[in-house]
Amino acid sequence: MADATPTPKPGDFAAGRPVVFRNATVITVDKAGVIPNGDVLVTGDTITAVGPKLKVPEGTLEIDAGGGILTPGFVDTHRHMWQTALRGYGGDWALSQYFVFYYLQHGEVFRPEDIYAGNLLSALESVDTGVTTTLDWSHALRTPEYADAAVKAFEEIPGRFVLGYGNYLGAPWEWTADKDFQSWVKNFKTNDMLSLEIAFDVPDSEDFPEKAAFQYARDNGLRVTTHAGVWGATTDVGLGHMFDAGMMDDKVTYVHAASLSPDSYHKIAASGGTVSVSTESEQSAGQGYPSTWEIRKYGIPASLSMDTSVWWSADFFSAMRATLSSDRSRAHLEAHKTDDTVAVNQLRAEDVLWMATQGGANALGMGDKIGSIAVGKKADLLLIKNDQSPAMTPILNPNAHVVYQANTADVHTVVVNGRVLKYDGKRIGLDIGPARDAVAASVEYVRGKLGEQTWEEGMHPPLEPNEEIENPYKYAD
Ligand SMILES: [Zn+2]
């Protein structure tokens, strides 16, 4: 044992040497709670010690985390990463405009390389902003060739990813029965950094043909993620079918789960399911009110997700902030209905940070490997530290600070599977050039294929005039 090397340079991390974070406010999201002036030692891909003033092996690189907050890396349980190729394009959409664009317009033209481009940029954005694990809700894999393109991006960016294999242009009971798809799944090799789920929705129907897709997933040991509780699209009806057929279990994630009945929430709770809440999405697209305020009454665990950056942000600080605010906003509105006031906020900053980390890990079936800072867990870590930022001092209430004060510009260091990908606010060896070029080429292609008029109309849905309200008051000099 010896003193660690002072102030590493970015190039030092490539050697795979042990790394210790010194003097951080460590939010463990574990039994140890918050450790002031704590150290965390990473050896290989694993967290090997947590506590104050750790003795470390000779040659350990030392990161001065004083004045910073060390948290587990964030886990996003639902992101349509391929849509990042058209970042921000649909910022003023309503849900119907999203459907028209992706089903009728973009859906006619996009290629495997467009999937690759979006995934590459999105994957880079994830690791850059502290999202160390992302479930790619990849619902545009019309053939396995498209799936190969999605995976290629993950092989180039060293984050942790789960491919949620989906195909919104086909019926799930058909594409999961397809020989080419099934042999692609057989050949898929799960490893520490990349695993597989099946992603499809259950719209209202009488005969529940999706049962075959659930059965396929179950037979192959794959988890299922489904947009459930989307107003007017996937409702209590589909969820009832799932329940009656015995297809609800603890390997299903319900995305949004807004606008469902108490009966459906009871079914999710009783079967051990989890909900992926995408607050920025629900607030703009109208799936229903962001569901944390409802599902917490039923004891259903939540994770957080961004959904799509074709519309809103992929910023996990924003996800936490929006979720805590929307939950409290609803609590106030409900109280006002009975002329009451909220005396105590039920949902705490600590709860949404749990959703952003351990809750996400649990929803992906990876809760024993990632999601908290504890000895034996994989080293997925985020140091939030910015010595020059007025918003980063003082740090009095660490959980609340992460949720309401910090932002992506404060992401100092990101570690995934023991590898330092970002240090002192700069990514190490992960240039944006290839992703930016691939996306630029994709945008040029898609825009050319759609034609200028469709492109412009898609981005700027026409406004409908507001209903005029008669004002009884008149202003006169
Ligand atoms: Zn979605």
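Me: Which residues are the protein donors of the zinc ion?

Reply: Donors are N, O and S atoms within 2.8 Å of the metal (3.2 Å for Na, K and Ca); water is not among the atoms, so sites may look incomplete. In this predicted model, the protein donors are H78 (NE2), H80 (NE2), H227 (NE2) and D307 (OD), which lie 2.1 to 2.4 Å from the zinc ion. H78 belongs to strand β6 (residues 74-79) and H227 to strand β10 (residues 223-228), so this pair ties together parts that are 149 residues apart in sequence. Strands (E, at least two residues) and helices (H or I, at least four) are DSSP runs, numbered from the N terminus.

Me: Why is the arrangement around the zinc ion irregular?

Reply: Four donors count as tetrahedral if all angles lie between 85 and 135 degrees; four count as square planar and six as octahedral if opposite donors are over 155 degrees apart and all others between 65 and 115; anything else is irregular. Here the four donor atoms subtend angles of 81 to 174 degrees, which makes the arrangement irregular.

Me: Is S305 buried or exposed?

Reply: Buried means under 20% relative accessible area, exposed over 50%, and partly exposed in between (1.4 Å probe, protein chains only). S305 has 2% relative accessibility and therefore counts as buried. Its place is the loop between β13 (302-304) and α11 (316-337). The side chains of S305 and S278 are joined by a polar contact of 2.6 Å. A polar contact is a pair of N or O atoms within 3.5 Å; within protein, one must be able to donate a hydrogen and the other to accept it, and residues adjacent in sequence count only if both atoms are side-chain atoms.

Me: Which peptide bond is cis?

Reply: Most peptide bonds are trans. The bond from T393 to P394 is cis, with omega near -5 degrees. P394 lies in the loop between β14 (381-384) and α13 (398-404).

Key: Residues are numbered from 1 along each chain as its sequence is written. This is a predicted model: local features need pLDDT of at least 70, side-chain atom pairs count only at pLDDT 80 or more; totals for chains, interfaces and linings use all residues. Side-chain values use heavy atoms; hydrogens and water are left out.
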